[in-house]
Amino acid sequence: MRTRRTRDAVTGWALLAPSLLGTVVFLLVPVGVALWLSLQRWDLVSPARWAGLDNYATVLSDAGIRHSFAVTLLFTVLVIPVQTALGLFVAVLLARRLPGSTFFRVLYVVPWVCAPLVVGLVWRWVFDPSTGALNAILGTRVEWLTSHTLALPAVAFVTVWTQVGYVALFFLAGLAGIPAQLADAARVDGAGPWRVFWSITLPLLRPTTSFVLITGIISSFQVFDTVYAMTGGGPGGATSLLAYEIYSEAFTALRMGRAAAIAVVLTVVLVVLTLAQRWWFGRRTTYEVAS
Amino acid sequence: MTRRTAGVVGTYLVLLAGAVLALGPYVLSLLTSLKEPAQLARRATLTWPAPWTGQNYADVLGGQYTLVPALVVTVQVVLVLLVGQLVCSVLAAYAFARVPFPGRRLLFGGYLATMMVPQVVTIVPLYVMFAQAGLRNTFWGIVLPTLFGSPFAVYLLREHFRAVPQDLEDAARLDGCGTLRILRHVVVPLSRPVLATLAVITVVSQWNNFLWPLIITTGPTWQTLTVATANLQSQYNGNWTLVTAATTLAMAPLVVLFLLVNKHVTESISLTGFR
(Lines give C-alpha, C1' and ligand atoms only; values in the text may rest on other atoms or scores of the structure.)
Protein backbone atom coordinates (compact mmCIF):
# COMPACT_ATOMS: atom_id res chain seq x y z
CA MET A 1 0.00 0.00 0.00
CA ARG A 2 2.69 2.37 1.05
CA THR A 3 4.90 1.50 -1.92
CA ARG A 4 1.99 2.07 -4.29
CA ARG A 5 1.49 5.59 -2.93
CA THR A 6 5.18 6.38 -3.20
CA ARG A 7 5.21 5.04 -6.73
CA ASP A 8 2.22 7.19 -7.70
CA ALA A 9 3.85 10.24 -6.20
CA VAL A 10 7.07 9.64 -8.13
CA THR A 11 5.23 8.88 -11.38
CA GLY A 12 2.93 11.88 -11.04
CA TRP A 13 5.64 14.41 -10.35
CA ALA A 14 7.93 12.92 -12.99
CA LEU A 15 5.25 13.17 -15.69
CA LEU A 16 4.44 16.68 -14.60
CA ALA A 17 8.02 17.91 -14.33
CA PRO A 18 8.61 19.32 -17.86
CA SER A 19 5.28 21.12 -18.01
CA LEU A 20 5.60 22.41 -14.47
CA LEU A 21 9.13 23.64 -15.12
CA GLY A 22 7.93 25.53 -18.20
CA THR A 23 4.97 27.03 -16.38
CA VAL A 24 7.04 28.20 -13.43
CA VAL A 25 10.03 29.53 -15.38
CA PHE A 26 8.22 31.10 -18.33
CA LEU A 27 4.92 32.14 -16.77
CA LEU A 28 5.07 32.55 -12.99
CA VAL A 29 8.62 33.91 -12.69
CA PRO A 30 7.93 36.51 -15.43
CA VAL A 31 4.85 37.68 -13.53
CA GLY A 32 7.08 38.17 -10.47
CA VAL A 33 9.72 39.91 -12.58
CA ALA A 34 7.01 42.15 -14.07
CA LEU A 35 5.95 43.20 -10.56
CA TRP A 36 9.59 43.89 -9.62
CA LEU A 37 10.26 45.77 -12.89
CA SER A 38 7.20 47.92 -12.33
CA LEU A 39 8.88 49.28 -9.19
CA GLN A 40 12.11 50.19 -11.02
CA ARG A 41 13.36 52.88 -13.32
CA TRP A 42 15.41 51.10 -15.96
CA ASP A 43 16.47 51.73 -19.56
CA LEU A 44 18.23 48.34 -20.03
CA VAL A 45 21.59 50.12 -20.20
CA SER A 46 22.35 51.89 -16.94
CA PRO A 47 21.68 50.01 -13.66
CA ALA A 48 18.05 49.79 -12.55
CA ARG A 49 17.02 52.26 -9.84
CA TRP A 50 14.27 51.79 -7.26
CA ALA A 51 11.26 53.91 -8.16
CA GLY A 52 8.66 52.81 -5.62
CA LEU A 53 5.17 53.40 -6.93
CA ASP A 54 6.24 56.21 -9.28
CA ASN A 55 5.51 54.16 -12.40
CA TYR A 56 1.97 53.44 -11.22
CA ALA A 57 1.46 57.13 -10.48
CA THR A 58 2.61 57.84 -14.04
CA VAL A 59 0.26 55.23 -15.48
CA LEU A 60 -2.64 56.99 -13.77
CA SER A 61 -1.56 60.55 -14.59
CA ASP A 62 0.33 60.46 -17.92
CA ALA A 63 -1.82 61.86 -20.71
CA GLY A 64 -0.45 59.47 -23.35
CA ILE A 65 -1.05 56.35 -21.26
CA ARG A 66 -4.51 57.47 -20.18
CA HIS A 67 -5.28 58.16 -23.81
CA SER A 68 -4.13 54.62 -24.62
CA PHE A 69 -6.51 53.18 -22.03
CA ALA A 70 -9.35 55.27 -23.50
CA VAL A 71 -8.50 54.21 -27.06
CA THR A 72 -8.44 50.54 -26.02
CA LEU A 73 -11.82 50.88 -24.35
CA LEU A 74 -13.30 52.60 -27.39
CA PHE A 75 -11.78 49.92 -29.62
CA THR A 76 -13.42 47.18 -27.52
CA VAL A 77 -16.75 48.99 -27.69
CA LEU A 78 -16.42 49.19 -31.47
CA VAL A 79 -15.38 45.57 -31.94
CA ILE A 80 -17.25 43.40 -29.44
CA PRO A 81 -20.95 44.14 -30.13
CA VAL A 82 -20.46 44.03 -33.91
CA GLN A 83 -18.38 40.87 -33.94
CA THR A 84 -20.74 39.07 -31.55
CA ALA A 85 -23.91 40.07 -33.37
CA LEU A 86 -22.47 39.28 -36.80
CA GLY A 87 -21.08 35.97 -35.56
CA LEU A 88 -24.48 34.99 -34.21
CA PHE A 89 -26.18 36.11 -37.43
CA VAL A 90 -23.81 34.07 -39.60
CA ALA A 91 -24.21 31.06 -37.29
CA VAL A 92 -28.01 31.22 -37.54
CA LEU A 93 -27.75 31.28 -41.34
CA LEU A 94 -25.26 28.39 -41.40
CA ALA A 95 -27.35 26.40 -38.91
CA ARG A 96 -30.10 26.11 -41.50
CA ARG A 97 -27.83 23.49 -43.05
CA LEU A 98 -28.64 24.43 -46.61
CA PRO A 99 -26.48 22.66 -49.21
CA GLY A 100 -23.08 24.36 -49.31
CA SER A 101 -23.12 25.49 -45.67
CA THR A 102 -19.88 23.64 -44.93
CA PHE A 103 -18.19 25.47 -47.78
CA PHE A 104 -19.17 28.86 -46.39
CA ARG A 105 -18.28 27.86 -42.85
CA VAL A 106 -14.74 26.94 -43.91
CA LEU A 107 -14.40 30.07 -46.04
CA TYR A 108 -15.38 32.40 -43.23
CA VAL A 109 -12.70 30.97 -40.94
CA VAL A 110 -9.86 31.56 -43.42
CA PRO A 111 -9.25 35.17 -42.22
CA TRP A 112 -8.85 33.85 -38.69
CA VAL A 113 -6.30 31.22 -39.73
CA CYS A 114 -3.97 33.77 -41.33
CA ALA A 115 -1.42 35.64 -39.24
CA PRO A 116 -2.94 38.88 -37.90
CA LEU A 117 0.29 40.64 -38.83
CA VAL A 118 0.06 39.54 -42.46
CA VAL A 119 -3.68 40.20 -42.64
CA GLY A 120 -2.94 43.68 -41.29
CA LEU A 121 -0.44 44.27 -44.08
CA VAL A 122 -2.93 43.11 -46.72
CA TRP A 123 -5.49 45.56 -45.35
CA ARG A 124 -2.88 48.29 -45.16
CA TRP A 125 -2.69 47.93 -48.94
CA VAL A 126 -6.50 47.82 -49.28
CA PHE A 127 -6.69 51.11 -47.36
CA ASP A 128 -3.76 52.68 -49.25
CA PRO A 129 -4.95 56.09 -50.46
CA SER A 130 -3.44 56.01 -53.96
CA THR A 131 -3.21 52.39 -55.14
CA GLY A 132 -5.40 50.61 -52.57
CA ALA A 133 -8.52 48.64 -53.44
CA LEU A 134 -10.99 50.49 -51.23
CA ASN A 135 -10.54 53.92 -52.76
CA ALA A 136 -10.54 52.33 -56.22
CA ILE A 137 -13.90 50.68 -55.50
CA LEU A 138 -15.43 53.77 -53.91
CA GLY A 139 -13.87 56.20 -56.38
CA THR A 140 -12.60 58.30 -53.48
CA ARG A 141 -9.19 59.46 -52.27
CA VAL A 142 -9.70 59.09 -48.53
CA GLU A 143 -6.60 58.82 -46.33
CA TRP A 144 -8.05 56.06 -44.18
CA LEU A 145 -5.14 55.11 -41.95
CA THR A 146 -3.63 58.55 -41.47
CA SER A 147 -6.92 60.14 -40.45
CA HIS A 148 -7.47 60.81 -36.77
CA THR A 149 -11.12 59.80 -36.95
CA LEU A 150 -10.95 56.91 -39.42
CA ALA A 151 -7.83 55.01 -38.34
CA LEU A 152 -9.25 53.40 -35.21
CA PRO A 153 -12.52 52.30 -36.88
CA ALA A 154 -10.41 50.86 -39.71
CA VAL A 155 -8.34 48.77 -37.29
CA ALA A 156 -11.55 47.74 -35.50
CA PHE A 157 -13.11 46.75 -38.82
CA VAL A 158 -10.18 44.50 -39.72
CA THR A 159 -10.31 42.90 -36.26
CA VAL A 160 -14.01 42.15 -36.69
CA TRP A 161 -13.33 40.85 -40.20
CA THR A 162 -10.85 38.29 -38.88
CA GLN A 163 -13.02 37.20 -35.95
CA VAL A 164 -16.57 36.82 -37.32
CA GLY A 165 -16.15 33.35 -38.79
CA TYR A 166 -14.40 32.14 -35.66
CA VAL A 167 -17.12 33.53 -33.37
CA ALA A 168 -19.75 31.95 -35.60
CA LEU A 169 -18.21 28.51 -34.97
CA PHE A 170 -18.94 28.82 -31.26
CA PHE A 171 -22.50 29.94 -31.87
CA LEU A 172 -22.94 27.06 -34.33
CA ALA A 173 -21.89 24.62 -31.62
CA GLY A 174 -24.21 26.36 -29.17
CA LEU A 175 -27.12 26.23 -31.59
CA ALA A 176 -26.51 22.54 -32.22
CA GLY A 177 -26.85 21.93 -28.49
CA ILE A 178 -30.38 23.32 -28.30
CA PRO A 179 -32.96 20.53 -28.51
CA ALA A 180 -35.22 21.01 -31.53
CA GLN A 181 -38.34 19.95 -29.63
CA LEU A 182 -38.32 23.19 -27.62
CA ALA A 183 -38.63 25.37 -30.71
CA ASP A 184 -41.13 22.91 -32.17
CA ALA A 185 -43.27 23.11 -29.07
CA ALA A 186 -43.22 26.91 -29.19
CA ARG A 187 -44.21 26.86 -32.85
CA VAL A 188 -47.12 24.56 -32.07
CA ASP A 189 -48.16 27.14 -29.49
CA GLY A 190 -48.20 29.72 -32.27
CA ALA A 191 -44.85 31.51 -31.82
CA GLY A 192 -43.35 33.07 -34.97
CA PRO A 193 -39.69 32.74 -35.94
CA TRP A 194 -38.68 36.00 -34.16
CA ARG A 195 -40.48 35.01 -31.00
CA VAL A 196 -38.77 31.62 -31.04
CA PHE A 197 -35.39 33.29 -31.53
CA TRP A 198 -35.83 35.85 -28.73
CA SER A 199 -37.60 33.68 -26.18
CA ILE A 200 -35.98 30.29 -26.75
CA THR A 201 -32.81 30.36 -28.83
CA LEU A 202 -31.17 33.44 -27.33
CA PRO A 203 -31.73 32.56 -23.65
CA LEU A 204 -30.52 29.00 -24.23
CA LEU A 205 -27.41 30.35 -25.97
CA ARG A 206 -26.42 32.32 -22.88
CA PRO A 207 -23.40 30.13 -21.96
CA THR A 208 -22.04 30.49 -25.50
CA THR A 209 -22.73 34.22 -25.63
CA SER A 210 -21.08 34.74 -22.28
CA PHE A 211 -18.01 32.78 -23.37
CA VAL A 212 -17.73 34.58 -26.71
CA LEU A 213 -18.12 37.98 -25.06
CA ILE A 214 -15.53 37.49 -22.35
CA THR A 215 -12.87 35.83 -24.53
CA GLY A 216 -13.53 38.49 -27.16
CA ILE A 217 -13.06 41.33 -24.67
CA ILE A 218 -9.89 39.77 -23.26
CA SER A 219 -8.33 39.36 -26.70
CA SER A 220 -9.43 42.80 -27.90
CA PHE A 221 -7.59 44.28 -24.91
CA GLN A 222 -4.40 42.65 -26.23
CA VAL A 223 -4.50 43.40 -29.96
CA PHE A 224 -0.98 44.18 -31.15
CA ASP A 225 -0.14 42.70 -34.56
CA THR A 226 -2.95 44.44 -36.45
CA VAL A 227 -1.93 47.83 -35.05
CA TYR A 228 1.74 47.21 -35.78
CA ALA A 229 0.96 46.25 -39.37
CA MET A 230 -1.66 48.87 -40.21
CA THR A 231 -0.82 52.08 -38.37
CA GLY A 232 2.10 51.68 -35.97
CA GLY A 233 -0.10 53.26 -33.32
CA GLY A 234 -0.62 56.44 -35.32
CA PRO A 235 -1.63 58.95 -36.36
CA GLY A 236 -0.64 60.78 -33.21
CA GLY A 237 -1.50 57.86 -30.92
CA ALA A 238 -5.01 57.51 -32.36
CA THR A 239 -4.62 53.72 -32.61
CA SER A 240 -2.14 53.20 -29.78
CA LEU A 241 -3.90 50.28 -28.10
CA LEU A 242 -2.47 49.21 -24.73
CA ALA A 243 -0.46 46.25 -26.02
CA TYR A 244 1.17 48.54 -28.57
CA GLU A 245 1.74 51.21 -25.91
CA ILE A 246 3.50 48.64 -23.70
CA TYR A 247 5.65 47.56 -26.65
CA SER A 248 6.70 51.08 -27.54
CA GLU A 249 7.32 52.11 -23.91
CA ALA A 250 9.57 49.06 -23.46
CA PHE A 251 11.35 48.74 -26.78
CA THR A 252 11.26 52.22 -28.33
CA ALA A 253 11.37 54.49 -25.28
CA LEU A 254 13.31 51.89 -23.25
CA ARG A 255 11.25 52.55 -20.11
CA MET A 256 11.00 49.00 -18.78
CA GLY A 257 9.51 49.99 -15.44
CA ARG A 258 6.72 52.02 -16.95
CA ALA A 259 5.94 49.34 -19.55
CA ALA A 260 5.74 46.72 -16.79
CA ALA A 261 3.46 48.93 -14.71
CA ILE A 262 1.02 49.36 -17.62
CA ALA A 263 1.10 45.59 -18.18
CA VAL A 264 0.39 44.90 -14.51
CA VAL A 265 -2.56 47.30 -14.45
CA LEU A 266 -3.94 45.78 -17.66
CA THR A 267 -3.54 42.27 -16.20
CA VAL A 268 -5.46 43.25 -13.08
CA VAL A 269 -8.27 44.60 -15.27
CA LEU A 270 -8.36 41.39 -17.32
CA VAL A 271 -8.31 39.10 -14.28
CA VAL A 272 -11.11 41.09 -12.63
CA LEU A 273 -13.11 40.85 -15.85
CA THR A 274 -12.59 37.10 -16.02
CA LEU A 275 -13.54 36.54 -12.38
CA ALA A 276 -16.56 38.83 -12.66
CA GLN A 277 -17.75 36.91 -15.67
CA ARG A 278 -17.32 33.58 -13.87
CA TRP A 279 -19.19 34.87 -10.85
CA TRP A 280 -21.96 36.39 -12.97
CA PHE A 281 -22.22 33.27 -15.07
CA GLY A 282 -22.23 30.96 -12.06
CA ARG A 283 -24.93 33.05 -10.36
CA ARG A 284 -27.36 32.99 -13.25
CA THR A 285 -29.85 30.22 -13.63
CA THR A 286 -28.68 27.68 -16.13
CA TYR A 287 -31.23 26.05 -18.34
CA GLU A 288 -31.05 22.31 -18.08
CA VAL A 289 -32.92 20.33 -20.66
CA ALA A 290 -33.33 16.60 -20.43
CA SER A 291 -32.67 15.14 -23.84
CA MET B 1 -42.38 32.54 -54.78
CA THR B 2 -43.33 31.12 -51.42
CA ARG B 3 -42.04 32.57 -48.20
CA ARG B 4 -39.79 29.57 -47.70
CA THR B 5 -37.99 29.81 -51.02
CA ALA B 6 -37.63 33.56 -50.49
CA GLY B 7 -35.94 32.77 -47.19
CA VAL B 8 -33.58 30.29 -48.84
CA VAL B 9 -32.65 32.72 -51.61
CA GLY B 10 -32.10 35.50 -49.07
CA THR B 11 -29.86 33.25 -46.98
CA TYR B 12 -27.71 32.38 -49.98
CA LEU B 13 -27.44 36.04 -51.00
CA VAL B 14 -26.19 37.01 -47.53
CA LEU B 15 -23.79 34.05 -47.37
CA LEU B 16 -22.42 34.96 -50.80
CA ALA B 17 -21.94 38.60 -49.81
CA GLY B 18 -20.05 37.35 -46.76
CA ALA B 19 -17.88 35.15 -48.96
CA VAL B 20 -17.04 38.08 -51.23
CA LEU B 21 -16.06 40.16 -48.19
CA ALA B 22 -14.00 37.34 -46.69
CA LEU B 23 -12.14 36.50 -49.90
CA GLY B 24 -12.04 39.91 -51.61
CA PRO B 25 -8.84 41.21 -50.00
CA TYR B 26 -7.03 37.95 -50.73
CA VAL B 27 -8.07 37.84 -54.38
CA LEU B 28 -7.29 41.52 -54.99
CA SER B 29 -3.91 41.34 -53.26
CA LEU B 30 -3.06 38.15 -55.16
CA LEU B 31 -3.84 39.93 -58.44
CA THR B 32 -1.74 42.90 -57.36
CA SER B 33 1.19 40.61 -56.64
CA LEU B 34 1.03 39.41 -60.26
CA LYS B 35 1.23 42.92 -61.73
CA GLU B 36 4.16 45.04 -62.73
CA PRO B 37 4.77 48.00 -60.40
CA ALA B 38 4.18 50.37 -63.31
CA GLN B 39 0.68 49.01 -63.87
CA LEU B 40 -0.30 49.52 -60.24
CA ALA B 41 1.18 53.02 -60.29
CA ARG B 42 -1.28 53.89 -63.06
CA ARG B 43 -4.06 53.23 -60.50
CA ALA B 44 -5.04 50.04 -62.34
CA THR B 45 -5.97 48.50 -59.00
CA LEU B 46 -9.10 46.65 -60.02
CA THR B 47 -8.04 45.40 -63.45
CA TRP B 48 -6.45 42.12 -64.48
CA PRO B 49 -2.67 42.05 -64.53
CA ALA B 50 -1.38 43.13 -67.97
CA PRO B 51 1.02 41.58 -68.51
CA TRP B 52 0.93 38.83 -65.89
CA THR B 53 4.28 38.64 -64.17
CA GLY B 54 5.93 36.36 -61.64
CA GLN B 55 8.75 38.83 -61.12
CA ASN B 56 7.51 39.94 -57.67
CA TYR B 57 7.62 36.35 -56.46
CA ALA B 58 11.05 35.84 -57.97
CA ASP B 59 12.22 38.98 -56.17
CA VAL B 60 10.72 37.94 -52.85
CA LEU B 61 12.09 34.41 -53.03
CA GLY B 62 15.52 35.20 -54.40
CA GLY B 63 17.79 38.16 -54.68
CA GLN B 64 18.16 40.74 -51.96
CA TYR B 65 14.78 40.47 -50.20
CA THR B 66 14.74 36.71 -49.91
CA LEU B 67 12.15 35.29 -47.54
CA VAL B 68 13.55 31.78 -47.86
CA PRO B 69 15.77 31.82 -44.73
CA ALA B 70 12.84 33.15 -42.70
CA LEU B 71 10.67 30.36 -44.07
CA VAL B 72 13.25 27.78 -43.02
CA VAL B 73 13.50 29.27 -39.51
CA THR B 74 9.71 29.31 -39.17
CA VAL B 75 9.37 25.67 -40.20
CA GLN B 76 12.05 24.67 -37.68
CA VAL B 77 10.43 26.69 -34.89
CA VAL B 78 6.99 25.25 -35.59
CA LEU B 79 8.24 21.65 -35.73
CA VAL B 80 10.25 21.88 -32.51
CA LEU B 81 7.36 23.56 -30.68
CA LEU B 82 4.87 21.04 -32.02
CA VAL B 83 6.83 18.10 -30.62
CA GLY B 84 7.76 19.84 -27.35
CA GLN B 85 4.28 21.13 -26.60
CA LEU B 86 2.49 17.89 -27.43
CA VAL B 87 4.86 15.65 -25.45
CA CYS B 88 4.97 17.85 -22.33
CA SER B 89 1.22 18.47 -22.35
CA VAL B 90 0.36 14.80 -22.83
CA LEU B 91 2.58 13.74 -19.92
CA ALA B 92 1.26 16.43 -17.58
CA ALA B 93 -2.37 15.91 -18.59
CA TYR B 94 -2.09 12.17 -17.91
CA ALA B 95 -0.64 12.82 -14.47
CA PHE B 96 -3.57 15.13 -13.67
CA ALA B 97 -6.12 12.73 -15.14
CA ARG B 98 -5.02 9.36 -13.78
CA VAL B 99 -2.14 9.42 -11.31
CA PRO B 100 -3.32 10.10 -7.74
CA PHE B 101 -0.16 11.85 -6.55
CA PRO B 102 -0.21 14.10 -3.48
CA GLY B 103 -0.86 17.77 -4.24
CA ARG B 104 -2.63 16.99 -7.49
CA ARG B 105 -5.82 18.96 -6.91
CA LEU B 106 -4.05 22.00 -5.57
CA LEU B 107 -1.62 22.03 -8.46
CA PHE B 108 -4.36 21.62 -11.06
CA GLY B 109 -6.17 24.58 -9.51
CA GLY B 110 -2.94 26.52 -9.94
CA TYR B 111 -2.80 25.53 -13.62
CA LEU B 112 -6.36 26.76 -14.13
CA ALA B 113 -5.44 30.06 -12.46
CA THR B 114 -2.41 30.58 -14.71
CA MET B 115 -4.70 30.43 -17.74
CA MET B 116 -5.82 33.93 -16.73
CA VAL B 117 -2.32 35.42 -17.12
CA PRO B 118 -2.31 37.40 -20.39
CA GLN B 119 0.68 37.24 -22.75
CA VAL B 120 1.02 40.99 -22.60
CA VAL B 121 2.28 40.93 -18.99
CA THR B 122 4.98 38.29 -19.51
CA ILE B 123 6.51 39.73 -22.67
CA VAL B 124 8.62 42.51 -21.13
CA PRO B 125 9.98 40.44 -18.20
CA LEU B 126 10.67 37.49 -20.52
CA TYR B 127 12.68 39.75 -22.77
CA VAL B 128 14.68 41.02 -19.79
CA MET B 129 15.29 37.46 -18.56
CA PHE B 130 16.35 36.22 -21.99
CA ALA B 131 18.60 39.20 -22.58
CA GLN B 132 20.35 38.52 -19.25
CA ALA B 133 20.73 34.85 -20.17
CA GLY B 134 22.30 35.75 -23.51
CA LEU B 135 19.47 34.11 -25.46
CA ARG B 136 18.65 37.13 -27.62
CA ASN B 137 18.69 36.39 -31.33
CA THR B 138 19.10 32.62 -30.91
CA PHE B 139 16.92 29.72 -31.98
CA TRP B 140 16.30 28.68 -28.37
CA GLY B 141 15.41 32.23 -27.50
CA ILE B 142 12.49 31.99 -29.91
CA VAL B 143 11.17 28.59 -28.84
CA LEU B 144 11.90 28.24 -25.11
CA PRO B 145 9.00 30.27 -23.64
CA THR B 146 6.37 28.05 -25.29
CA LEU B 147 8.34 24.81 -25.67
CA PHE B 148 6.88 23.16 -22.57
CA GLY B 149 3.25 23.50 -23.57
CA SER B 150 0.51 25.68 -22.18
CA PRO B 151 -1.79 25.24 -19.18
CA PHE B 152 -4.64 25.38 -21.67
CA ALA B 153 -3.39 22.34 -23.58
CA VAL B 154 -2.94 20.41 -20.33
CA TYR B 155 -6.46 21.30 -19.25
CA LEU B 156 -7.96 20.30 -22.59
CA LEU B 157 -6.13 16.96 -22.77
CA ARG B 158 -6.91 16.10 -19.15
CA GLU B 159 -10.63 16.32 -19.89
CA HIS B 160 -10.19 13.86 -22.73
CA PHE B 161 -7.89 11.46 -20.91
CA ARG B 162 -10.42 11.18 -18.10
CA ALA B 163 -12.89 9.83 -20.65
CA VAL B 164 -10.60 6.94 -21.64
CA PRO B 165 -12.10 3.80 -20.06
CA GLN B 166 -10.18 2.86 -16.91
CA ASP B 167 -10.73 -0.85 -17.68
CA LEU B 168 -8.52 -0.62 -20.75
CA GLU B 169 -5.70 0.84 -18.71
CA ASP B 170 -6.13 -1.72 -15.95
CA ALA B 171 -6.00 -4.55 -18.50
CA ALA B 172 -2.83 -3.15 -20.02
CA ARG B 173 -1.31 -2.81 -16.55
CA LEU B 174 -2.15 -6.44 -15.74
CA ASP B 175 -0.34 -7.39 -18.93
CA GLY B 176 2.70 -5.69 -17.45
CA CYS B 177 2.63 -2.32 -19.19
CA GLY B 178 4.25 0.62 -17.45
CA THR B 179 2.80 4.12 -17.43
CA LEU B 180 4.66 5.28 -20.54
CA ARG B 181 3.61 2.21 -22.54
CA ILE B 182 0.00 2.68 -21.48
CA LEU B 183 0.23 6.27 -22.65
CA ARG B 184 1.72 5.26 -25.98
CA HIS B 185 -0.44 2.26 -26.75
CA VAL B 186 -3.76 3.01 -25.06
CA VAL B 187 -4.33 6.64 -24.16
CA VAL B 188 -2.72 8.43 -27.10
CA PRO B 189 -4.29 6.26 -29.85
CA LEU B 190 -7.71 6.73 -28.25
CA SER B 191 -7.25 10.51 -28.11
CA ARG B 192 -6.15 11.00 -31.69
CA PRO B 193 -8.86 13.54 -32.66
CA VAL B 194 -8.13 15.92 -29.79
CA LEU B 195 -4.38 15.56 -30.31
CA ALA B 196 -4.82 16.38 -33.99
CA THR B 197 -6.83 19.46 -33.08
CA LEU B 198 -4.21 20.55 -30.59
CA ALA B 199 -1.50 19.98 -33.20
CA VAL B 200 -3.31 22.17 -35.71
CA ILE B 201 -3.86 24.91 -33.11
CA THR B 202 -0.15 24.78 -32.22
CA VAL B 203 0.97 24.97 -35.83
CA VAL B 204 -1.39 27.83 -36.65
CA SER B 205 -0.58 29.91 -33.59
CA GLN B 206 3.18 29.42 -33.86
CA TRP B 207 3.31 30.02 -37.60
CA ASN B 208 1.42 33.26 -37.01
CA ASN B 209 3.26 34.32 -33.86
CA PHE B 210 4.76 37.77 -34.22
CA LEU B 211 5.35 39.78 -31.05
CA TRP B 212 7.84 37.46 -29.35
CA PRO B 213 9.97 36.74 -32.46
CA LEU B 214 9.87 40.47 -33.21
CA ILE B 215 11.47 41.48 -29.93
CA ILE B 216 13.78 38.52 -29.33
CA THR B 217 15.42 38.52 -32.77
CA THR B 218 17.50 41.19 -34.44
CA GLY B 219 18.74 41.10 -37.99
CA PRO B 220 18.04 38.52 -40.66
CA THR B 221 19.57 35.34 -39.19
CA TRP B 222 16.73 34.20 -36.95
CA GLN B 223 13.80 36.27 -38.07
CA THR B 224 10.61 34.33 -38.66
CA LEU B 225 8.32 34.70 -41.64
CA THR B 226 5.98 37.22 -39.96
CA VAL B 227 8.89 39.37 -38.82
CA ALA B 228 10.56 39.19 -42.24
CA THR B 229 7.30 40.17 -43.97
CA ALA B 230 6.80 43.12 -41.62
CA ASN B 231 10.39 44.26 -42.20
CA LEU B 232 10.00 43.92 -45.94
CA GLN B 233 6.92 46.13 -45.86
CA SER B 234 8.56 48.85 -43.81
CA GLN B 235 11.67 48.74 -45.98
CA TYR B 236 9.77 48.89 -49.27
CA ASN B 237 6.83 50.98 -48.12
CA GLY B 238 4.49 51.67 -51.00
CA ASN B 239 6.03 48.99 -53.20
CA TRP B 240 2.79 47.04 -52.99
CA THR B 241 3.32 44.58 -55.84
CA LEU B 242 6.34 43.28 -53.93
CA VAL B 243 4.69 43.38 -50.50
CA THR B 244 1.53 41.58 -51.63
CA ALA B 245 3.71 38.83 -53.12
CA ALA B 246 5.33 38.48 -49.70
CA THR B 247 2.02 38.44 -47.80
CA THR B 248 0.57 35.88 -50.22
CA LEU B 249 3.60 33.63 -49.74
CA ALA B 250 3.48 34.04 -45.97
CA MET B 251 -0.18 32.99 -45.81
CA ALA B 252 -0.31 30.31 -48.51
CA PRO B 253 1.12 27.32 -46.57
CA LEU B 254 -1.30 27.75 -43.67
CA VAL B 255 -4.32 28.35 -45.85
CA VAL B 256 -3.51 25.18 -47.81
CA LEU B 257 -3.01 23.23 -44.57
CA PHE B 258 -6.27 24.59 -43.24
CA LEU B 259 -8.22 23.71 -46.37
CA LEU B 260 -6.83 20.16 -46.16
CA VAL B 261 -7.93 19.60 -42.57
CA ASN B 262 -10.72 22.17 -42.41
CA LYS B 263 -13.62 19.93 -41.49
CA HIS B 264 -11.71 18.61 -38.54
CA VAL B 265 -10.67 22.04 -37.36
CA THR B 266 -13.90 23.97 -37.71
CA GLU B 267 -15.77 21.21 -35.93
CA SER B 268 -13.34 21.03 -33.07
CA ILE B 269 -12.50 24.68 -32.50
CA SER B 270 -15.74 24.98 -30.63
CA LEU B 271 -14.83 21.89 -28.64
CA THR B 272 -11.45 23.24 -27.63
CA GLY B 273 -12.37 26.79 -26.82
CA PHE B 274 -15.38 25.70 -24.88
CA ARG B 275 -15.93 23.54 -21.76
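Me: How many helices and strands does chain A have in this predicted model?

Reply: The secondary structure of chain A comes to 13 helices and two strands. The model is predicted.

Me: How much confidence does the predictor place in chain A, and how much in chain B?

Reply: Chain A averages a pLDDT of 89, and 96% of its residues score at least 70. For chain B the mean is 88, with 95% of residues at 70 or more. The model as a whole scores ipTM 0.90 and pTM 0.90.

Me: Where in chain A does pLDDT stay under 50?

Reply: Look at residues 285–291 of chain A. The model has five contacts beyond four places in sequence for that stretch.

Me: What does the radius of gyration say about chain A?

Reply: Compare it with a compact globule. For 291 residues, such a globule would have a radius of gyration near 19 Å, but chain A has 24 Å. Now take the dimensions. The C-alpha trace of chain A spans about 80 × 75 × 30 Å along its principal axes.

Me: Which contacts in chain A join residues at least 24 apart, as a percentage?

Reply: Start with contacts between residues at least 6 apart in sequence. In chain A, 70% of those join residues at least 24 apart. Burial is a separate count. Buried residues make up 42% of the 291 residues in chain A.

Me: Which residues of chain A does UniProt list as "transmembrane region"?

Reply: The unreviewed entry lists 12–37, 69–94, 106–126, 150–175, 196–221 and 259–281 of chain A. Check two of these spans against the model. Residues 12–37 of chain A are 100% helix and 0% strand, and their end C-alpha atoms lie 35 Å apart. Residues 196–221 of chain A are 92% helix and 0% strand, with end C-alpha atoms 34 Å apart.

Me: How many residues does each chain bring to the contact between A and B?

Reply: There is a general way to give interface size. It is often stated as the accessible area lost when the parts come together. Here we have residue counts. The contact takes 73 residues from chain A and 72 residues from chain B. Helix H1 of chain A, residues 2–37, gives the most to the chain A side, with 19 residues. By class, that side has 57 nonpolar, eleven polar and five charged residues.

Me: Which residues touch the most other members of the largest nonpolar core?

Reply: First the general idea. In soluble globular proteins, nonpolar side chains tend to be buried together. Now this model. The largest nonpolar core has 148 residues, and A:Ala168, A:Ile246, A:Ala263 and B:Val124 touch the most other members. Helix H7 of chain A, residues 151–176, gives the most to this core, with 16 residues.

Me: What does A:Ala168 touch?

Reply: Leave out residues up to four places away in sequence. A:Ala168 then touches A:Gly87, A:Val90, A:Ala91, A:Leu94 and A:Tyr108.

Me: Is A:Trp279 buried or exposed?

Reply: Count C-beta neighbours. A:Trp279 has 10 inside 10 Å, so it counts as exposed. The cut-off for exposed is 12 or fewer. A:Trp279 is found in helix H13 of chain A, residues 256–283. A:Trp279 and A:Ser130 are 149 residues apart in sequence and 51 Å apart in space, C-alpha to C-alpha.

Me: What is phi at A:Arg97 and at A:Leu254?

Reply: A:Arg97 is not a glycine, yet has a positive phi of about 55°. A:Arg97 lies in the loop between helix H3 (63–94) and helix H4 (101–113) of chain A. With 9 C-beta neighbours inside 10 Å, A:Arg97 counts as exposed. Phi of A:Leu254 is also positive, near 55°. A:Leu254 is found in the loop between H12 and H13 of chain A. A:Leu254 is partly exposed, with 13 other C-beta atoms within 10 Å.

Technical notes: Residues numbered from 1 in each chain as written. Chains lettered and ligands numbered in written order. Contact = placed C-beta atoms within 7 Å. Helix = DSSP H or I, 4+ residues; strand = E, 2+ residues; numbered from the N terminus. Nonpolar A, V, L, I, M, F, W, Y, C, P; charged D, E, K, R; others polar. Core = buried A, V, L, I, M, F, W, Y, C linked by C-beta atoms within 7 Å. Buried ≥ 20, exposed ≤ 12 C-beta atoms within 10 Å, placed from the backbone. UniProt positions renumbered as here; feature names shortened; annotations may be inferred. pLDDT = per-residue confidence, 0-100. Rg over C-alpha atoms; globule rule 2.2 N^0.38 Å.
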